[in-house]
Amino acid sequence: MALILRGDEVEVCSKQVGFVGSYYAATVINNYGNQSYAVRYKNLVSEDDESQPLIEIVSADEVRPMPRTVSASGFSLYDGVDAYDNDGWWVGTISGKQGSNHYYVFFDTYGVEILYPLSRLRPHRETNGMWVTKKRV
């Protein structure tokens, strides 16, 4: 795992019920010895003051470096994708296509299928020191 430092742009993979399988952009504001991090979210706000970004402590296994931007001109059936929805990226699988640039995405965790324009999709990537795009089956 890459060393993550204060000021690094990251994505936080939520493990909270109702948010499993989603990634949110954040900035590391404190590093607690690679066991946990304090992060300030880019698109999530504090429940106490909605004018302030949400800040929370997350465990190291929920944090990954921000993936570099990878644009896609299209997807194939069963490609693993992230769909941008509700202020975060949600992991799913291409389950169909409508027209030239809309795709159905199936979310295993929730058992739902939703139609998205290509502009709200990106290839799903995992990291273990190196970014890898995988076909999901």
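**View 1. Val-105 stands opposite Ile-114 of β9.** In this predicted model, strand β8 (residues 102–107) and strand β9 (residues 112–117) pair in the antiparallel sense over six bridges, where pairing requires that DSSP finds at least two bridges between two strands and strands are DSSP runs (E, at least two residues) numbered from the N terminus. The hairpin of β8 and β9 has four residues between the strands, and in this hairpin Gly-111 takes a positive phi near 65°. Residues are numbered from 1 along each chain as its sequence is written. Because the model is predicted, local features need pLDDT of at least 70 and side-chain atom pairs count only at pLDDT 80 or more, while totals for chains, interfaces and linings use all residues, and side-chain values use heavy atoms, without hydrogens and water.

**View 2. Val-20, Tyr-110, Val-112 and Ile-114 make a nonpolar surface patch of about 280 Å².** Patches consist of residues with over 30% relative accessible area and no salt bridge, nonpolar side chains (Val, Leu, Ile, Met, Phe, Trp, Tyr) being joined within 5 Å and like charges within 9 Å; a salt bridge is a side-chain nitrogen of Lys or Arg within 4 Å of a carboxyl oxygen of Asp or Glu. Accessible areas come from the Shrake-Rupley method with a 1.4 Å probe, and for residues only the protein chains shown count as cover. Val-20 lies in the loop between β1 (9–13) and β2 (22–32), and it counts as partly exposed because its relative accessibility is 35%, the classes being buried under 20%, exposed over 50% and partly exposed in between.

**View 3. Glu-47, Asp-48, Asp-49 and Glu-50 gather in a surface patch of negative charge.** Asp-48 is placed in the loop between β3 (36–45) and β4 (53–59), and it counts as exposed at 80% relative accessibility.

Conventions:
Lys, Arg positive; Asp, Glu negative; His and termini not counted. Charge placed at Lys NZ, Arg CZ, Asp CG, Glu CD. Buried < 20%, exposed > 50% of the residue type's maximum accessible area, 1.4 Å probe, protein only.
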